Amino acid sequence: MKPTGSIAADFFKDQVVIVGRDVKASPDAESAQADLFATPFLASTGWLMPGAELHANILETVLGRNAITRLTDGAVAALLALVAAASAVAMRRWRPLWSLLIGVALAGTIAAAVWGVFLKWNLWVPAGSPLAVIPLMYVSLGGWSYLAEQMRRKEITRAFSLYVTPQVVDYLIAHPERINLGGERREVTFLFTDLAGFTTFSESLSPERVTHVLNRHFTDMTDVVLEYEGTLVQFIGDAIMAFWGAPLDDDDQAYHAVAAAIAMQKRMQVIRADFAKEDLPQIRMRIGVHSGSAVVGNLGSAKRLSYTAVGDDVNTAARLEGINKLYGTGIMVSGDTARRIEARIALRPVDRVIVKGKSQAVEVFTPCDDPAAVELTTQAIRLYRNREWDAAQAQFRELLAIAPEDGIAKLYLGRIAAFRISPPAANWDGAMELEKL
């Protein structure tokens, strides 16, 4: 007779039976049992697992062909390389916060991919190493970015510290995207200076005194250029080349250049007074200012570069400096520059000239703070170009009555006398060709 509740005789037929005990036990030492073991589920359940249940899981895995496979070492190495490359590409433009967000996103993607692969194919991918690569790349790229920034800072400082004010250098370092060291075409206003007769009087001075004169002159003129936000390009003998509009844009470049030219001539008065006390020559300076297009950047050879500008308008500015000697002026400003000033600086018309190497006439002006002289000259030149010789002559003579040494009036009176004898051609527009200047 079968006991009540007994199982059928064939209940275990074709079955695997595991006999053991199942006692719920916490993992502390006092309650630990010989047949209870810690498993990865201990952290979530808080209980040890009986040995019988462990054997059951092992058998179920074997019989169900559901074993977990570990990714090979070669594949892990390839995965590490892939994660490193992806991190480098994603964080190549390194910014602390943005790169951190990218790193977190990559880590989340890897974690999700590892978990998905495990659930679908029972493939165990050691995620610790790939996840550790991401912060390592973050720190490495951050360090490299810092070094690159320091190198770029030094390069920009070296390239521009001799040309512009420290404030401009600091701005360029903070905004390196605003410059192009390789060369670019820009609208620029050029300023050229030259000392009148410097070669002649330098021959009568000792080398030490010549050096003293030039250093004082260059120091004061450089201070003025930088004060008016210009870029000092180079010293050429006793001449200075500067421009406005590069490396930074300057919407008021023409005004700054002309204002600087006026300030430079005022500074020359102070220098002459000081030189008089030292028994040194009374040096005088001529300045040419012109606005136009030029290629600006680091130009030169592979071994030596200089931040400068080249182009036809650069030559025009240099020619304007030279024609001052013809009119007895100290500053010559082209019409292209004058139009950009919008009457904020009073300019006296001088002439329409065709300088050496040019085919088109250039209107030229000179700063003048005498309204009467400006008005008289404007009327006189208009009459002169209309071939009204008598009326023009009267106006220029009136100018000479105001300023007996006015070189512009003297020059025009000489031309009028010559044209009375030999009138200009029928298509003459008032322009004078100055081949030697």
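I started with Arg216 and Asp220, which sit four residues apart in helix α8 (residues 207–227), so about one helical turn separates them. Helices here are DSSP runs of H or I with at least four residues, strands are runs of E with at least two, and both are numbered from the N terminus. These two side chains form a salt bridge, with the closest N and O atoms 3.1 Å apart. I noted the cut-off: a side-chain nitrogen of Lys or Arg within 4 Å of a carboxyl oxygen of Asp or Glu. Asp220 counts as buried because its relative accessibility is 10%. Buried means under 20% relative accessible area, exposed means over 50%, and partly exposed is in between (1.4 Å probe, protein chains only).

Before going on, I wrote down that this is a predicted model, where local features need pLDDT of at least 70 and side-chain atom pairs count only at pLDDT 80 or more, while totals for chains, interfaces and linings use all residues. Residues are numbered from 1 along each chain as its sequence is written, and side-chain values use heavy atoms, leaving out hydrogens and water.

Next I looked up Glu321, which forms a salt bridge with Arg286, the closest N and O atoms being 3.2 Å apart. This pair links distant parts of the chain: Glu321 is in helix α10 (residues 312–322) and Arg286 is in strand β8 (residues 285–300), 35 residues apart. Both Glu321 and Arg286 are buried.

Then came Glu363 and Arg385, whose side chains meet in a salt bridge at 3.1 Å, N to O. Glu363 lies in strand β12 (residues 362–367) and Arg385 in helix α13 (residues 371–385), 22 residues apart. Glu363 counts as partly exposed, because its relative accessibility is 24%.

How many salt bridges does the structure hold? I found 15. Glu184, Arg186 and Asp249 are linked in a network of them.

Last, I went back to α8 and checked its packing on helix α9 (residues 253–277). Their axes (lines fitted to C-alpha atoms over the stretch in contact) come within 10 Å and cross at roughly 150°, on a scale from 0 to 180 degrees between N-to-C directions. So α8 is roughly antiparallel to α9, a label for angles over 145 degrees.

Definitions and conventions
Parallel < 35°, antiparallel > 145°, perpendicular 65-115°, else oblique.
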